[in-house]
Amino acid sequence: CGLARLHGKELRIERKQWNMLLCSAELPTIILDQTQVGKATDIVGLQKRHYWIHLGNETDGIMNYILKRFLCWVDIRVEQIPDEELTARDIWLDSVTDMHDRNEEVKTWDILNQLELLSMKEEKKILVEQVKGWRGQKATTDEEKRRRKNVKDTKKTLNAKIKNMLAERKVLNSAYLTSFHLEASCRKVYNNEYKKRKTHQKDIQMQIEIILRKHGIDRAAHHGGELTGPFLRKLSENAEEIFDELKQCLLEAIKDDNTRLATDDEIITMCDRCAELYILFDGLFSLSRTPSYKLTPEIEDKMKKYIKVCVKAWKCMGYTMGMPKIHAIEDHLFNQMIYWKGIGCFSEDFVELAHQFGNIAEKRTRGMRDYSKKFVSQSRNEKMEQLPDVVNAKTKIKQESPKKKRKRTVTEENETNKKQRRQKYLDAAYERLEKNAFVNITNYEGLKSNEQVG
């Protein structure tokens, strides 16, 4: 179990799921057999009251996994990309991600150390000029000798520091250049495999990317990797419209083409199920952000339905249950919400809010070049905002300001529509669950196993 510090690979040893009582065990320590876990021994069990689910990571992981599985199904069943090309593409995308990571490491090092390195070089230059001025002059006093010795020792120390920093920078730059050349070679291999196919004019993946970009979801910005919060929010909010367009695109691609493995019914089923999954999980994660002490019996009942329906729909798609994030939703999310009376306050949203305040402060002091003066100005402003007189004045103005009855904004209308859409899908899915009408997706021939995808 990932929450009990077990790696995901160890969770699926011999394709068996570990006992999920491991995370909720009340024992302080759980000793696991070396033959069962491999390298994992003396794993400390976590009491469920001592931790909470990281909702941001949960959302990103689940939503990205669904999209990856859908695109993998398109590759194998619709576009029928050969295994050699799929392997070459995966290797190339990994090399692209690695290259950008190495580049970020170099930039981060420059930001943190470049000024210090320049200052040390300037200091060394001054010391070198000072030592040159002593040539042909003998030190006449003991104090002069000690001073010259200290200067030379300082110069040697600076030389050593500069040398170490340049060596560190050289290692990072060398790693970036290596990843750069590796990416070029992997791209060349992938292009060679891509050219072997004869359907470039009907590249379905390209059409999918165009549809996603039309809705503000740019996978190219992530170099083919996992999407982040804003893009996933757009994907879940527009899931119906996006997957309807994808459905039409895929049906048009296989029209009058008997060589495709996927059928019309298969495409319709996969697109509808994926849209349903996105909307159900969107409702689940929205409800799971209930703040502490705001949990009501109505929310508890609705959360139970969401968890049952989402997990059932996940299993019917044939997705892996060895993923720690879906296990956390199935076995831990509801219990933690009950114990903490809501876990919305434990999310990382306050960090994003702090970033917004930081950006406002940066805009206010952007004309200051002296960093120390900028820091003092921001600190003084933060202190003034926390003064009791200032807080009372803000509260008084807010209370005395006339409360005008305003019209519903577009954002409020969208929120209402989203709630109604989530409720509609939840009711329909829960009705199918009670009637045992959920049908497992066929394990289509040629589709990769759960361990290989995502």
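Two helices count as roughly antiparallel when the angle between their N-to-C directions is over 145 degrees. Keep that cut-off in mind for the packing that follows. The model is a predicted one.

Start with helix H11, residues 297–316, and helix H13, residues 333–340. These two pack at an angle of about 165 degrees. Their axes lie 10 Å apart. The angle is over 145 degrees, so H11 and H13 are roughly antiparallel to each other. Their crossing is right-handed.

Now turn to helix H4, which spans residues 55–78. Two of its packing partners are worth a look. One is H7, whose axis comes within 10 Å of the H4 axis. The two axes cross at roughly 150 degrees. That makes H4 roughly antiparallel to H7. The crossing of H4 and H7 is right-handed. Another partner is helix H8, residues 229–237. H4 and H8 pack at an angle of about 60 degrees, with axes 10 Å apart. That makes H4 oblique to H8, because an angle of 65 to 115 degrees would be needed for roughly perpendicular and one under 35 degrees for roughly parallel. H4 passes H8 in a left-handed crossing.

Follow the chain on from H4. Glutamine 80 sits in the loop between H4 and helix H5, which covers 83–133. Its phi is near 55 degrees, a positive value in a residue other than glycine. Glutamine 80 has a relative accessible area of 28%, so this residue is partly exposed. A second residue shows a positive phi. Lysine 341, again a residue other than glycine, has phi near 55 degrees. Lysine 341 lies in the loop between H13 and H14. At 41% relative accessibility, lysine 341 counts as partly exposed.

Next come the charges. Side chains of opposite charge can pair when their charged atoms come close. How many salt bridges does the structure hold? There are 21.

Arginine 187 and glutamate 183 meet through their side chains in a salt bridge, at 2.6 Å from N to O. Arginine 187 is partly exposed, at 33%.

Another salt bridge joins a helix to a loop. Glutamate 209 pairs with arginine 219, and their closest N and O atoms are 2.5 Å apart. Glutamate 209 belongs to helix H7, residues 204–214, while arginine 219 is in the loop between H7 and H8, so the pair ties together parts that are 10 residues apart in sequence. Arginine 219 counts as buried, at 14% relative accessibility.

Lysine 424 pairs with glutamate 240, with the closest N and O atoms 3.9 Å apart. This pair links distant parts of the chain, 184 residues apart. Lysine 424 is in helix H17, residues 410–434, and glutamate 240 is in helix H9, residues 239–254. Lysine 424 counts as exposed, at 52% relative accessibility. Glutamate 240 counts as partly exposed, at 25%.

Salt bridges can also share residues. Asp98, Arg102 and Glu105 are linked in a network of them.

Which residues make the nonpolar patch of about 320 Å²? Leu353, Phe357 and Ile360 do. Phenylalanine 357 lies in helix H14, residues 349–364. Is phenylalanine 357 buried or exposed? At 52% relative accessibility, phenylalanine 357 counts as exposed, because the cut-off for exposed is over 50%.

Definitions and conventions: Residues numbered from 1 in each chain as written. Predicted model: local features only at pLDDT ≥ 70, side-chain atom pairs only at ≥ 80, totals over all residues. Heavy atoms only, no water. Patch = residues over 30% accessible without salt bridge, like charges linked within 9 Å, V, L, I, M, F, W, Y side chains within 5 Å. Areas by Shrake-Rupley, 256 points an atom, 1.4 Å probe, with all protein chains shown as cover. Salt bridge = Lys/Arg side-chain N within 4 Å of Asp/Glu carboxyl O. Helix = DSSP H or I, 4+ residues; strand = E, 2+ residues; numbered from the N terminus. Buried < 20%, exposed > 50% of the residue type's maximum accessible area, 1.4 Å probe, protein only. Axes fitted to C-alpha atoms, helices over the stretch in contact; angles between N-to-C directions. Left-handed = near helix turned anticlockwise from the far one by under 90°.
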